[in-house]
Amino acid sequence: MRLSQTSPEQVEVYRFPWLAAALIPALAIFFQAFVPVQLPFLSIFDVPLLVTIFLGVTRRNPVTGLLTGCVIGLIQDSLTHHPLGVYGIAKTVVGFGASSLGVKLDVENAASRFLVTYGFYLLHQFLYFSVQRGLVGQALGWAWGHELLAGLVNAVAAVALFAVLDRFKQRN
Amino acid sequence: MENLLTRHRNLSVLAAVLFVQVFGLAVQVKRSNDPQQTRLIRVWAVATITPFEQAIVHTQGAVYGVWHNYLYLRGVRQENRDLKAQVEQLKLEQVRLSQDASQARRLQALLGFKEQSILQTMPAQVVGSSGSEQSRSLFLDKGSEDGLKKNMAVITSEGVVGKILQIYPHTAQVLLINDQTSGLGAIVERLRLQGIVRGSPNGETMLEKVMADEEVQPGDKVITTGGDGIFPKGLPVGSIVKVSSSDLFLKIRLHPAADLSRLEEVLVITKLQEVAPASGEVAGSQRAVDILAARLPGVPEKAAAKDGDVSNAASRDEPKIETSTPAAILEAKPGTGAKATTAPVPRPIHPDPAKPQRNETTGSPHSSADPLEKPAQSAKPAPVLKPIAEQPAHDRMQ
C-alpha cells in the first residue's frame with residue numbers, strides 16, 4: 001500500500017463543478033442540522049467536517065481548502081447559539097491541513113482516508129475545545145472515550161462518504 | 001517583507017483568516033451582553049436551511065397523517081373502547097380534583113397569593129437542531145410572525161423543554177434546559193429546596209446550589225419555582241437520578257421530565273396570567289379572619305364561658321382537626337387554641353428563615369411575608385373549631 005507521493009508531479013489535482021462544490025457542503029450542513037432531530041444517535045457524525053477534509057485532500061490547494069473550511073465552519077456556527085468563529089477556526093485549520101497533506105500523501109485509498117480522517121477529527125475536536133475554553137471562556141467536558149470512539153465512527157463513515165463523493169470530482 | 005509573504009503565501013492567508021476570526025470572536029465575547037444582537041450570517045443561514053427542514057417535516061407529517069388516519073386503522077375500535085373507559089375514570093378523578101382546586105383558589109385569594117397560570121399556548125413543530133453536540137438548541141416551525149417572542153417558555157405535556165433564545169420571522173431557536181448556558185429556577189417538590197437547573201458540559205441536566213447537608217434522594221421530583229419570570233410555577237422539570245456530595249453543594253443529576261432528545265411537537269407559552277385574589281373574595285379593608293369569623297357558625301357565650309378554655313373544649317368534645325392541609329389551618333380559628341403557627345404549615349407559604357434555600361418566596365411571585373402569621377396574630381376570638389368536612393357548604397369560605 002502506497003501512502004506517500006514521491007514528487008508533486010505525481011499528485012493528481014481534481015476540481016468540482018460549481019454546483020457540486022456549493023451543494024455538497026450545503027447538504028452536509030443540512031444533514032447535520034436536520035437528521036439528528038429525527039435520529040438522535042446520528043449526532044455523533046460531523047458530516048461538514050468530513051466534507052471539509054474531502055474537499056481539501058481532493059483539490060489539494062491550501063488556500064481553497066482553508067477558505068472552504070472557514071465558510072463551512074462559520075455557517076455551522078451560525079446555527080448554534082455560540083459566538084461565530086469557534087467552528088470557523090477549527091475547520092479553517094483542518095481545511096488547510098487536509099489540503100497540505102493531500103499534496104504529500106496518496107489519499108485515494110481507503111486506509112489512508114481512514115487514518116487522515118481519524119487524525120483530523122481529533123485535531124478538530126481539540127481546536128474546538130481549546131477555542132471554546134480559551135477564547136469564549138466556556139468549559140466543555142472532554143471525554144476521551146467518546147472522542148476516540150466518535151473519531152473511529154467518523155473515519156469509517158468518511159471511507160464510505162468519500163467513495164460516493166468521488167463520483168463528482170473531475171480531473172483538472 | 002513582501003517577498004516573505006509571497007513565498008509563504010498559504011501560511012500568510014491562513015494566519016490572516018485565523019486572525020480575522022479570532023478578532024471577531026473576541027469582539028463578540030466582549031459584546032455578549034447585548035441580547036438584541038443577531039448577526040446577519042445567522043439570519044441568512046437560518047433563513048436558508050429552515051425552510052427545507054420545515055418542508056420535509058410537514059411532508060412527513062402529511063404522509064404519516066394520511067397513513068394513520070385513513071389507511072392503517074387496525075386496532076382502532078379496541079383503542080377507542082379503552083379510551084372511553086379511561087375517560088370515564090378521568091371524569092371521576094376530575095370531580096375530586098376540581099373540588100380540591102376550588103378550595104385551593106379560595107385559600108390563595110385569602111392569602112393574597114399571586115401566581116402565574118398558563119393562559120395561552122401555541123403548538124409548534126421541531127424542525128431542526130443546531131447540529132452541534134455542544135450547543136443544545138432546536139429550531140421550531142413558528143416565529144415572530146406567528147406571535148412568538150424571545151424568552152417565551154417552551155414545554156411539552158411531560159414537562160419543561162427550554163426557552164426561546166432567538167427569534168426569526170418564520171422560525172425560533174429554543175435553548176434546551178440541558179444546555180450549559182441555560183438556567184431555570186426549580187425546587188425539589190418533597191423538600192421545597194430551591195436550586196438552579198442547568199446543563200453540564202456533557203449534556204446532563206443538573207440541579208445546582210442545593211446545600212450539601214440536605215436529604216435529597218433519587219426519585220424526588222423537581223418542579224419550576226416560577227421565580228425566573230419565564231416558566232410558570234409548578235411545571236415538572238424532572239426527577240432526581242443521582243445525588244453526590246461535592247464541597248458545599250450537592251451534585252444532583254436529573255432525568256428531564258420531557259424527553260429532550262426526541263422532541264417532535266412542543267407548546268410555546270405565549271400568554272401568562274397573573275392570578276390575583278378576586279376583589280369580592282377579600283373584601284375591602286376587611287381582614288380574611290373577620291370574614292371567616294362572620295361565616296363560621298357561632299357558639300353561645302355561655303357555653304364558651306362554661307367551658308372556660310375553648311382549646312380544652314375543642315380537644316375534648318370536638319372532633320380533631322386535620323391540620324395537615326392549608327384548609328384546616330385556616331378553618332382552625334386563631335386564638336382558639338388551635339394555633340395555626342404550630343400546625344404543620346405547607347412549606348411554599350412558610351419558609352424556614354434558618355435555611356435560605358428553603359425560602360421559596362425568594363424570586364417567586366409570592367409575597368415574602370408569611371401570610372398565615374397575620375391572621376394568627378390579629379384574630380378575634382371565635383367560638384368553635386370545626387373541621388371543614390363537618391361544615392355545611394354555604395358556611396365555608398366562598
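Predicted model: local features only at pLDDT ≥ 70, side-chain atom pairs only at ≥ 80, totals over all residues.
The size of an interface is often expressed as the accessible area lost when the parts come together. Between chain A and chain B, the buried area is about 3,800 Å². Carbon and sulfur atoms give 65% of that area. In chain A, the residues that lose the most area to chain B are Leu79(A), His81(A) and Leu84(A). Together they account for 18% of what the chain A side buries. The contact takes 45 residues from chain A and 47 residues from chain B.

Several helices build the side of chain A that touches chain B. Helix H1 (18–38), H3, helix H4 (86–104) and helix H5 (110–136) of chain A each supply at least two residues. H3(A) gives the most, with 11 residues. By class, this side of chain A has 30 nonpolar, 14 polar and 1 charged residues.

The largest nonpolar core has 41 residues. Within this core, Leu207(B), Val222(B) and Val237(B) touch the most other members. Leaving aside neighbours within four places in sequence, the contacts of Val237(B) include Val160(B), Ile177(B), Leu184(B), Val197(B) and Val222(B). Thr224(B), His255(B) and Pro256(B) are also among the residues in contact with Val237(B).

Two backbone angles deserve a note. Most residues other than glycine have a negative phi. Arg60(A) has a positive phi, near 60 degrees, and is not a glycine. Arg60(A) sits in the loop between helix H2 (47–59) and helix H3 (62–79) of chain A. Is Arg60(A) buried or exposed? Its relative accessible area is 8%, under the 20% cut-off, so Arg60(A) is buried.

Chain B holds a further case. Arg192(B) has a positive phi of about 60 degrees, although it is not a glycine. Arg192(B) is found in the loop between strand S6 (184–188) and strand S7 (193–199) of chain B. With a relative accessible area of 12%, again under 20%, Arg192(B) therefore counts as buried.

How values were computed:
Residues numbered from 1 in each chain as written. Chains lettered and ligands numbered in written order. Heavy atoms only, no water. Core = buried A, V, L, I, M, F, W, Y, C linked by side-chain atoms within 4.5 Å. Buried < 20%, exposed > 50% of the residue type's maximum accessible area, 1.4 Å probe, protein only. Contact = heavy atoms within 4.5 Å. Helix = DSSP H or I, 4+ residues; strand = E, 2+ residues; numbered from the N terminus. Buried area = accessible area lost by both parts, 1.4 Å probe. Nonpolar A, V, L, I, M, F, W, Y, C, P; charged D, E, K, R; others polar.
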